[in-house]
Structures are given as structure tokens and as C-alpha cells.
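This report goes through a protein structure part by part. Look at the sequence and the fold first, then read on.

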Amino acid sequence: MKIRHDVHNHNIFSNCCNDPSASTDAFVAKEVELGNKIFGLSNHIWDESVKGASYWYSKQTITKAEEAKASLAKAPKELKCLFGAESEYFHCYDRLGMSVEGAKRFDYMLIPHSHQHMRNQVLWDLPEIQEMRAKIAADVQAALPYLAEDTVKVMTNALQEAHLKKYIEEQKTDLGKYMTEAAVKSFNDLCANETFIKMCATVPTSIAHPFAFCGIPHEIKNSFLIQIPDEVLYECFKRAKAIGAYCEINCAAVTEHGMDLEANQLMRVFANAKKAGCQFTFGTDSHSVKSLELVRVGDLVAEHLGLTKADIAEYLQDGVEE
């Protein structure tokens, strides 16, 4: 089966895009060149009606994203264009960055559970980091007693993990165990989130790059993922299937885990999703015009997993060739 759709990508309307040529028009032109049938633009969005946005998300609003819709409307007729978004799930607070009403303004939604590089939003600091942060806060407060407690908190929270690690004598926490357990819990908690459940019943919604650990080196991703048993993954995707959530096959994440698909642990994730009855969506997670070509990785994955048209989300079934 050939994948002829891409519904996960980020152009200049996302803060993470560093390709100045990545306009909506340029993305559409590249999709036509690639022979795709369905293109969905999915920039990072935090619904401005939802409180609790991080600084990074605060300027990436629905209103800003909608500026791209006019360009999508000008696409050639042979390319079906959809207006989507990748929002956020702050697992630390069980908070979705998109309301159900906000989601109705889009053709589809992508919600990740695995942005674990977003510390103290998606994943709490390691215990050693938490202890060091608390110690520094106490030392600053003692040395500068005139500083308000909230000021000290802002100062110490601004220290990144890489800074704090220098002052930790020994990291006792098993990072792989810590992150895999958190990933399983965040997936299950997302599937139990009331807003997410309603969203899945309202607009086509995929769990973006499931179990693709963001923020750790590529070479150790498989060694972490292999620690999650098949039966645990299967139960996770049964929950996703029960609420109507789709599973995304993220081409960029696949390449990060390696193109030896027999060794690539994401294939085991997708196989369990398929076994649980989940349907799939494909996306390149592109941040440039050139990387839209990653859609061809989807062809290899589809063949490896033995996917058919019936395994694809209904709204994207015209975007595959058997």
C-alpha cells in the first residue's frame, strides 16, 4: 500500500519551524509534486480560550493558525487540503491545550502524549533534579530574604535540567524506567481525559507519535521502548480504540528509531495498535519543505505491518493506493 497523505507537519506558523521558505503555498506545491492526494496542515496550537499555556505555546493560537486557511483554499483540485492542528496534553496537570469547541474549528486534531522534553508540563523533573531545584531555591531565599517566594520560584524554574545535572553527584533514578512508566501513564490518562474523549467523538483525532520519546538521543530510543511489554501496549491501544482515537504513524519518529524495521521498536507499538483494532493516520512531522519527502517512509512501514485501506482512518482512505 502506498501512502498518499500527510496530515502532520509544521510550517512558518509554528515556532519550531526554522525554514523561512516553508509557507503554506510552498507546502501545497511540494505535496502536488510528491503526488499526494490529501494534505493536512497541522501547526502547533494552544486554544486561546484554555488557560495554562506555556510561554512557548502562548503565541500559537487558533486565530494565528487560521491565517493559513486562505492559502489552503487556493490549492489545485487534485489535492484535497485539510486544516488541522497539533495541540498539547500537559500530563502533569491533566490539561489539554484545546477545547472541544476549539477543535470544531478544524478538520482534524493531533494530540501528543510524548513531548517528554517539556519538563514539568508533560513529564515531571527527575527526583534528583527536583531535589536540587528545591535546594537552590532554599539557598537563594536564605541569601536574599527580601525576594518574594514566587520570584525565587520563577528564577529556579528557569534553570534547565542540563544546568542542574552538573551539581548532582549521582543520578540514582533509572531514566529508561522513569520515562517508560510515565509514557504508559500519560497515554492512559489522555485516553481517560474527559475533554479528549469528547474531542474524539467530535472531530477525527489522532494520538500523535505515540511512545516516541521526545528529548532523548536517537541511539537509545529503542532500548527504552523495548522495556514496555506487548501486553501493556495492547491494553493502551484498546483504550484508544474504545474512545475512537486514531494512532499516528509518524515518519520522522520512525527514522529516529532506525530504518531497520525489524529492530525498530515502533513497529511493535504499531503492531499492537493494529491488533487492538486502531486505525492509522500518517504524517511526516516535517518542519521544512524538503522533509515532506519523508512520506515515502510511510510506504515502507505500511508494507512491513501489512496494512490495508481498512486500517486507515476513514477520512484519509482516499489518501492511500493499494
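Does A73 count as buried or exposed? At 66% relative accessibility, A73 counts as exposed. Here buried means under 20% relative accessible area, exposed means over 50%, and partly exposed lies in between, with a 1.4 Å probe and protein chains only.

## The model and its numbering

This is a predicted model, in which local features need pLDDT of at least 70 and side-chain atom pairs count only at pLDDT 80 or more, while totals for chains, interfaces and linings use all residues. Residues are numbered from 1 along each chain as its sequence is written, and side-chain values use heavy atoms, with hydrogens and water left out.

Helices (H or I, at least four residues) and strands (E, at least two) are DSSP runs, numbered from the N terminus. By this rule A73 belongs to helix α4, residues 69-73. Between A73 and F83 there are 9.8 Å in space, C-alpha to C-alpha, and the two are ten residues apart in sequence.

## The sheet

Strands of a sheet pair through backbone hydrogen bonds, either parallel or antiparallel. Two strands count as paired if DSSP finds at least two bridges between them. In this model, seven strands form an open sheet in the order β2-β3-β4-β7-β8-β9-β10, with parallel pairing. Its edge strands are β2 (5-6) and β10, each of which pairs on one side only.

Strand β9 (residues 246-250) runs parallel to β10 and is joined to it by four bridges. Across this pairing, I249 stands opposite F282, and N250 stands opposite G283. Both faces of β10 are covered. F280 and F282 are buried on one side, and T281 and G283 are buried on the other.

## Pockets

Rolling a probe the size of a water molecule over the atoms shows where empty space is left. The search uses a 1 Å grid over the protein atoms alone; a pocket is an open set of points where a 1.4 Å probe fits, with protein on both sides within 12 Å along at least five of seven lines, and lining residues have an atom within 4 Å of a point. Grid points are joined across faces, edges and corners, and a volume is the space filled by probe spheres set on the points.

The largest pocket has a volume of about 1,300 Å³. Its lining has 43 residues, and H115, H117, M118, R119 and Q121 lie nearest its centre. The elements that give two or more residues to this lining are α2 (55-58), α8 (161-165) and α13 (251-257). By type, the lining of the largest pocket divides into 19 nonpolar, 15 polar and nine charged residues. Ala, Val, Leu, Ile, Met, Phe, Trp, Tyr, Cys and Pro count as nonpolar, Asp, Glu, Lys and Arg as charged, and the others, Gly among them, as polar. The second largest pocket holds about 180 Å³ of space. Among the residues that line it are Q130, R133, E149 and K153. Helices α6 (127-143) and α7 (149-157) each give two or more residues to this lining.

## Aromatic rings

A pair of aromatic rings is described by the distance of the centres and the angle of the planes. Rings of Phe, Tyr and Trp (its six-membered ring) pair if their centres lie within 6.5 Å; planes under 30 degrees apart count as stacked, over 60 as edge-to-face and the rest as tilted. The structure holds 14 aromatic pairs. The rings of W46 and F90 have centres 5.0 Å apart and planes at 45°, so this pair is tilted. W46 lies in the loop between β3 (38-44) and α2, and F90 lies in strand β5, 44 residues apart. Both W46 and F90 are buried. Ring pairs also link W46, W56, Y57 and F90 into a cluster.

For F213 and F224 the ring centres are 6.2 Å apart and the planes are at 75°, so the pair is edge-to-face. F213 and F224 are both buried.

## Two residues with positive phi

Most residues other than glycine have a negative phi, and most peptide bonds are trans. Phi of D94 is positive, near 50°. D94 lies in the loop between β5 (89-90) and β6 (95-96), and counts as partly exposed because its relative accessibility is 42%.

Phi of D285 is also positive, near 55°. D285 is in the loop between β10 (280-283) and α15 (295-305), and counts as buried because its relative accessibility is 15%.
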